[in-house]
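Welcome, and thanks for taking a look at this chain. Below is a short briefing to read alongside the structure.

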Amino acid sequence: KAPPLPHAHAEMPKFCGLCGKGKAAQVEDPRHPDIIASEQAASEGVHPASEQVVGSEEQRPAQQWLPRAGTKAFQSALNVKRVESVLEMCCDHLCVRTMTVCYTNRNGNRRTLTQSGFNVKIFLPENSTDVEVTFQVVGGSFVRKIDRTDDSYPFVKDDAGNFVPEKFEYKSPPEYVQYFVRGSIFQSKVTGVDERTSSESLLEMVSRDFRCLRSMRVDYLDAEGERQTLTGSGFRVAIHVPSAARNVEVSFQVVGGGPVCKVDRRDPGMPFVKDANDERPPEIFCYEECPPCVQYEIRGVAWRAHISRVIEQSGRGGGEEDFSPTNSTGPDGRTLFDGVPDRVPAVGGIVDLQEAHSEYLLPSEVLLFEPSPTEIHMRGEVKRGSRLIFLNQPLTEDENAGLLEYRQALVKRGVLAAENDPFPRYMGAHSLRLIQSAKYNMQKAADMLKTCVTERVRRLPIAEADVLNDLRLGFAYWHGRDKKCRPCLVLRLERLGPLLLDKERAVRLLIFVLEY
């Protein structure tokens, strides 16, 4: 029997036992319309696939109309290999983006599919043509087009001087395409596009500076158990490895120099690791099974080249958080805070919550709140140091200039390799707040960045059970919001009690309350 399909059903003379739908009406053939359609397809030798639901922007697994069992068409249908295209968007965590795909289906109808998140996939049915892929920042503008042949990724403008939206067009889409989207709300761009087959994995080396040329080498066992080697050199090297590869080893070397040595990525200074013989071991990444997608960010001069960051995709079929800096295994994301500081999120770090959230924690008034100019800037005066709301609001020219100056200061300190590098994740959303708190003193703001690592990042994550007894003292707690929807923090110093004698407990409690 044919499976029920997600389309409108024909009227039937009585209640339908297969899908429970139908109204009283007279039709010539009393059988279920799906059975009729499948038999017609079998007689015509057609093996169509159902289209994805578009009206609700929801994707469903593709189903097929199978001809009647026992017929030649039924046997041939089982041997048909279904081919579909996968379009995947992998983003950083600076903002949320939406990927929109428009295509023409096998019936000549135009369809649109959209997905939002940090890592999303859209599956196109077979025989799709005239595919257009665009991107947009949720709550912001479109993702702008850049010149990817230029290492500085300049934005492309039209003849009138306006930014051009990024759009990818395919007459017939590749089997698997991956788009890497980076940047803030107003600077989002597609920095890389990788096309491959669905049976291949991507291992990519990305240079974050241009001080020397590096090479990447991948050794693995193929499906027959034979050892294979793939190599590539340049500033950006992408190697496609069969997904069935086992015992994968990835190593790096400076062209004309020595191997890239291992560093401690938990330390912002990236010191080299030394073995028992006081020597620097080479950096080698080993995998029993080939991961779907890994990016290795490399930087440094020839004698100090090192892998500063590793971004690994946790799985091909996972949810919206697949392309994350670490492989988070739980709903609280504990492992997000176990890696190097650059990967630690700018907010969060509270794990293993046992107490239920209050229903008044995030009321609808907060979600629908639209701040006025006097609420965005102090007394509505748009000037340096007057900002009260920092996120999801356009920045002034003075603030953008301050951020550029701050980047230059961080480059001199070695925190960033280049001015166009993104801020470390743990402070990317707070960079302008740090500058304003330091009254635009960039050296002081850089010192505050170091304090952020030692006083916040190094203490995270914090479990609820570790501070529950201290919370019950009533020293610090949230109590509603004011008329501008700002949460109100209450501090009752007379209830400090034992926290007066234990500074670490007091600091840990305050971090928990603020992150909560």
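**Overall picture**

Of the chain's 516 residues, 41% count as buried. Please keep in mind that this is a predicted model. The chain contains nine helices and 21 strands. Its accessible surface is about 28,000 Å², and carbon and sulfur atoms hold 52% of that area. Among contacts with a separation of 6 or more, 58% join residues 24 or more positions apart.

**Helix pair α5 and α7**

- Helix α5 covers residues 397-412 and helix α7 covers residues 442-455; their axes come within 9 Å and cross at roughly 65°.
- An angle of 65 to 115 degrees counts as roughly perpendicular, and α5 and α7 are therefore roughly perpendicular to each other.
- The crossing in which α5 passes α7 is right-handed.
- On the α5 side, the residues that meet α7 are Gly 402, Glu 405, Tyr 406, Ala 409 and Leu 410. Their partners in α7 are Met 442, Gln 443, Ala 445, Ala 446 and Leu 449.
- Sorted by class, this contact of α5 with α7 has seven nonpolar, two polar and one charged residues.

**Helix pair α8 and α9**

- Helix α8 (residues 464-471) packs with helix α9 (residues 503-515) at an angle of about 105°, and their axes are 10 Å apart.
- With that angle, α8 and α9 are therefore roughly perpendicular to each other.
- From α8, the contact draws on Glu 464, Asp 466, Val 467, Asp 470 and Leu 471. From α9 come Arg 505, Arg 508, Leu 509, Phe 512 and Val 513.
- By class, the contact of α8 with α9 divides into five nonpolar, no polar and five charged residues.

**Two residues in strands**

- Thr 104 lies in strand β2, which spans residues 97-104.
- Why does Thr 104 count as buried? Buried means under 20% relative accessible area, and Thr 104 counts as buried because its relative accessibility is 13%.
- Leaving aside residues up to four places away in sequence, Thr 104 touches Asn 109, Arg 110, Asn 127, Ser 128, Thr 129 and Asp 130.
- Thr 104 and Glu 132 are 28 residues apart in sequence, with 9.7 Å from C-alpha to C-alpha.
- Arg 309 sits in strand β16, residues 306-313.
- Arg 309 has 18% relative accessibility, so this arginine counts as buried.
- Between Arg 309 and Arg 299, which are 10 residues apart along the chain, the C-alpha atoms are separated by 9.5 Å.

**Two loop residues with positive phi**

- Arg 379 is not a glycine, yet its phi is positive, near 55°.
- You will find Arg 379 in the loop between α4 (373-376) and α5.
- Is Arg 379 buried or exposed? Arg 379 counts as exposed, because its relative accessibility is 60%.
- Cys 485 also has a positive phi, about 70°, although it is not a glycine.
- Cys 485 belongs to the loop between β20 (476-481) and β21 (487-491).
- The relative accessibility of Cys 485 is 16%, so Cys 485 counts as buried.

Note on methods
Residues are numbered from 1 along each chain as its sequence is written. This is a predicted model: local features need pLDDT of at least 70, side-chain atom pairs count only at pLDDT 80 or more; totals for chains, interfaces and linings use all residues. Side-chain values use heavy atoms; hydrogens and water are left out. Helices (H or I, at least four residues) and strands (E, at least two) are DSSP runs, numbered from the N terminus. Buried means under 20% relative accessible area, exposed over 50%, partly exposed in between (1.4 Å probe, protein chains only). Contact means heavy atoms within 4.5 Å. Accessible areas come from the Shrake-Rupley method with a 1.4 Å probe; for residues, only the protein chains shown count as cover. Axes are lines fitted to C-alpha atoms, for helices over the stretch in contact, and angles run from 0 to 180 degrees between N-to-C directions. Angles under 35 degrees count as roughly parallel, over 145 as roughly antiparallel, 65 to 115 as roughly perpendicular and the rest as oblique. A crossing is left-handed if the near helix is turned anticlockwise from the far one by less than a right angle, and right-handed if clockwise. Ala, Val, Leu, Ile, Met, Phe, Trp, Tyr, Cys and Pro count as nonpolar, Asp, Glu, Lys and Arg as charged, and the others, Gly among them, as polar.
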